[in-house]
Amino acid sequence: MGAGETHVEAGPDVDVVAASAISAEETERLVTETTPDLSVFGPDVVAKAAEQMARYPESRSALLPMLHLVQSVEGYVSQAGIQFCAEQLGLSNAEVSAVATFYTMYKRKPCGEHLVSVCTNTLCAVLGGDAIYQRLQQHLGEGGQPLKHEDTSGTPGEPGSITLEHAECLAACDLGPVLQVNYEYYDNQTPESAVELVDALRRGEKPAPTRGAPLTSLRDVELQLAGFFPEDEATYRSHVDGPSAAVETLRGAQLAADRGWTAPTMPEKAPELPEVEKK
Ligand code: FES
């Protein structure tokens, strides 16, 4: 550069940038990453989806069970699962995604063979639910790092892998603190019993829940939530059917019966409600 000449940085050549920014390999990568592979949902899954849609006057009503169906295949609701539901139901990906991200039962990350849900809502929390959750976080964590909400110990989908989550009230406050494995109940837990339970799951055992159906895997349960039960349905139902009210559940009613307490009878004619002021 000679004296007096002004150096001007050469700007990028737009054509060169355009050509190099979207190379053939990059295009291929982008297409692969943004176009989900639906091949995991084979003819059997398509047939089940059709069966689900036939159960409703409006096929779109089958969306919730269909999300459980795709979750039973992949262990979570992937982008491919969302697109599968959208295509089957004639919905947009955005509509399916809005539903899938609203409900906590639809998981957005691959889950373990088992999903352990610890109730940390108020009653269970004060009875020990918080302590159970913290103990399991430490016990299932690695390298001194506690396992976080919805993280998995082990390789997702592999035998013995466990996804841990804290859950809102599991509707078993009378038996708290409770936890669920794949939505089956384990009542009156302690940090020690919870550790024993997850250790048994990691060894491949299936400890019997306190009540309800026998323990299977998260994917099996997802299929049941989708409305498909094991071949031998009679045997399956014989495990499930039965009283689910525990002594604790009925204690109030028992006390009332023992003491002769009854609820006041409803009057023959309910008092008129006051007129609502017209606007
Ligand atoms: S607070 Fe835990 S089951 Fe209700």
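Predicted model: local features only at pLDDT ≥ 70, side-chain atom pairs only at ≥ 80, totals over all residues.
In β3, S153 has I162 as its bridge partner.

S153 brings in strand β2, residues 151-153, which is joined to β3 by 3 bridges, the two strands running antiparallel. As for β3 itself, residues 162-167, the strand is mostly covered, with 5 of its 6 residues buried.

Now to the helices, by way of β1. Which elements do the buried residues of α9 pack against? They pack against β1, residues 114-119, and against α4, residues 63-74. Helix α9 spans residues 218-225, and its buried residues are L218, V221, E222 and L223. Just after the helix comes G227, with a positive phi of about 100°.

Next, the pair α4 and α9. Their axes lie 8 Å apart, and the packing angle is about 160°. An angle over 145 degrees counts as roughly antiparallel, and therefore α4 and α9 are roughly antiparallel to each other. The crossing of α4 past α9 is left-handed. On the α4 side the contact is made by H68, Q71 and S72, and on the α9 side by R219, E222, L223 and L225. Sorted by class, this contact has 3 polar, 2 nonpolar and 2 charged residues. Two of the names have already come up: E222 and L223 are buried, and both take part in the contact with α4.

The other partner of α4 to mention is helix α5, residues 79-89. What is the angle between α4 and α5, and how far apart are their axes? The angle is about 140°, and the axes are 10 Å apart. That angle makes α4 oblique to α5. In this case α4 passes its partner α5 in a right-handed crossing. From α4, the residues in contact are L63, M66, L67, V70 and E74; from α5, they are G81, F84, C85, Q88 and L89. By class, the contact of α4 with α5 comes to 7 nonpolar, 2 polar and 1 charged residues.

To put the two helix pairs side by side: α4 passes α9 in a left-handed crossing, whereas α4 passes α5 in a right-handed one. The α9 contact has 2 nonpolar residues, and the α5 contact has 7. That is what I have on these elements.

Conventions. Residues numbered from 1 in each chain as written. Buried ≥ 20, exposed ≤ 12 C-beta atoms within 10 Å, placed from the backbone. Helix = DSSP H or I, 4+ residues; strand = E, 2+ residues; numbered from the N terminus. Contact = placed C-beta atoms within 7 Å. Axes fitted to C-alpha atoms, helices over the stretch in contact; angles between N-to-C directions. Parallel < 35°, antiparallel > 145°, perpendicular 65-115°, else oblique. Left-handed = near helix turned anticlockwise from the far one by under 90°. Nonpolar A, V, L, I, M, F, W, Y, C, P; charged D, E, K, R; others polar. Pairing = 2+ DSSP bridges.
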